[in-house]
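Keep the sequence and the 3D view at hand while reading.

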Amino acid sequence: MAVSASDMSPQALAALLSFYADSGIGELCEDAAIDRFEQSAALAQARAQSQQQRPTGAPSSSNGETTQRPLSSAPAERPRATAQPVTPAPQASQLTIPGEAAFEDARALAASAGSIPELRAALDGFTGCNLRHSAKTLVFADGNPEADVMFIGEAPGREEDIQGAPFVGRAGQLLDRMLAAIGLTRETAYITNMIPWRPPGNRTPAPHEIELCRPFIERHVALAAPKIVVMLGNVASKSLLGTDKGILSLRGTWMEYEAGGNRIPALPTLHPAYLLRNPAQKRLVWADLLSLQERIEQLRSG
Ligand code: URA
C-alpha cells in the first residue's frame, strides 16, 4: 500500500527526507523535466558513433566505452566558465563517457592553466568526469592560496556540494577545530580535495575518477606552491604519494611530494570524517598535528 506524505508525521517525513539525502538523492525535483529516454538514446548513439570512429587497435577504456569528443579538441577552444556555481550539467547530446581522450584532455587542460583562477576555469570547462553530471557545484578550494600549508581531502560531501566550498559540513567543522588546535585558520591554510565534484551518495571515488582529476590536483599544488602539504585520509594519501599502503601505516610519517619541480614536505594523516566515526583515533591525529605545528614553526623561524 502506498503511503502518502500527507499521512506521515513531520518527524517521519523528516526522517525519510534525511534517508533520501544520505542515499545521495539531494534533489527530489529538478527545475526542468529531464527526458531520461532521450538521454539514454543519445548515449547509445554516442557509443555507436565512437565505435565507428575509433581506428582499429585504438585503445578504449576499461569499461569498453570511449569518449564522444574527438582527440583534436584543443584546450584553448573549450568554453571557460569562471562563476559559481558550476556550469550546468551538459544536456543529453553533450554527455561524455570517460575514454582515453578524456584523460588527455584533463592533462592538457590542467597543464594550460597558468594561475589558480585559470585552473578553476579549466576544471569548470572539463566535461570528461562523470561526477560533474550528478554534482550541483564545482567545489574547488577554500582558504588562502598563498598559505604555507595546503590540506587535501578526498571529495566534497552533500553540504560541500550545496555550498560550493570544501570541508563545510561536520567533517569540515572538525577540520576547523584541528586547524585551530595548532593556531591555523582558513586565512592561514589552503584547503581543497582530490576530486572537486561530489560522488553520488558520498561513495568513494572510483579509480578512473581519481585518475581523471589527478592532473588538476597536481597542477593545483604546483600553482599554490605550499611549503607543506597535508593529505587527509586514504584516497588523497595513497593516490598522491603513489603507494598501496593504507593510511593507518602511512599517517604521521613525513614524506615528500613533488609538484612543479619542487619537493614539498608532505604529511599523511587521518581524515576528519574517519575521526567522527572513530573518535578514539583522535589521539593519533593529535600527534600528527603537533608534528605539523613543529614543522611550521621551523619554517617560520628559519
Ligand atoms: N570530506 C572531504 O574529503 N572533503 C570535503 O570537502 C568534505 C568532506
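Is aspartate 288 buried or exposed? It is buried, with a relative accessible area of 3%. The model is a predicted one.

## Aspartate 288 and helix H12

Aspartate 288 sits in helix H12. Its side chain has a polar partner: a contact of 2.7 Å joins it to the side chain of arginine 251. Aspartate 288 also touches Gly252, Leu267, Pro268 and Thr269, leaving aside residues up to four places away in sequence.

## The sheet

Six strands form an open sheet. Their order is S1-S3-S2-S4-S6-S5, and the pairing is mixed. Strand S1 (141-143) and strand S5 (255-259) are the edge strands; each has a single partner strand, so one side of each lacks a neighbour in the sheet. From one strand to the next, the twist averages 30°.

Helix H12 (residues 282-301) packs on this sheet. The helix touches strand S2 (149-153), strand S4 (228-232) and strand S6 (262-269). The direction of H12 makes about 155° with that of S6.

How do S1 and S3 pair, and over how many bridges? S1 and strand S3 (residues 189-193) run in the antiparallel sense and share three bridges. Within S3, isoleucine 191 stands opposite aspartate 142. As a rule, strands of a sheet pair through backbone hydrogen bonds, either parallel or antiparallel.

## The ligand site

Which residues surround the ligand? They are Gly153, Glu154, Ala155, Pro156, Glu160, Pro166, Phe167, Asn193 and His271.

A backbone N or O atom of glutamate 154 lies 2.7 Å from a ligand oxygen atom. For alanine 155, a backbone N or O atom is 3.1 Å from a ligand nitrogen atom. Asparagine 193 uses its side chain: one of its polar atoms lies 2.8 Å from a nitrogen atom of the ligand. Taken alone, the ligand exposes 240 Å², and the protein buries 92% of that.

## Arginine 263 on strand S6

Arginine 263 belongs to strand S6. At 56% relative accessibility it counts as exposed, because the cut-off for that class is over 50%. The side chain of arginine 263 makes a polar contact of 2.9 Å with the side chain of glutamate 256. Arginine 263 also touches Tyr257 and Glu258, again not counting residues up to four places away in sequence.

Isoleucine 228 is 35 residues from arginine 263 in sequence. In space, the two are 9.6 Å apart, C-alpha to C-alpha.

How many of the eight residues of H9 are buried? Six are, so the helix is largely enclosed by the rest of the structure. The buried residues are Val235, Ala236, Ser237, Ser239, Leu240 and Leu241. They pack against S2, helix H8 (207-224), S4, H10, S5 and S6.

Glycine 242 follows H9. Its phi is positive, near 60°. Threonine 243 lies in the loop between helix H9 (234-241) and helix H10 (247-250). With a relative accessible area of 19%, threonine 243 counts as buried, because that class takes values under 20%. Threonine 243 touches Ser237, Lys238 and Leu250, not counting residues up to four places away in sequence.

How values were computed. Residues numbered from 1 in each chain as written. Predicted model: local features only at pLDDT ≥ 70, side-chain atom pairs only at ≥ 80, totals over all residues. Heavy atoms only, no water. Pairing = 2+ DSSP bridges. Helix = DSSP H or I, 4+ residues; strand = E, 2+ residues; numbered from the N terminus. Axes fitted to C-alpha atoms, helices over the stretch in contact; angles between N-to-C directions. Contact = heavy atoms within 4.5 Å. Near = heavy atom within 4 Å. Polar contact = N/O pair within 3.5 Å; in protein donor to acceptor, adjacent residues only side chain to side chain. Areas by Shrake-Rupley, 256 points an atom, 1.4 Å probe, with all protein chains shown as cover. Buried < 20%, exposed > 50% of the residue type's maximum accessible area, 1.4 Å probe, protein only.
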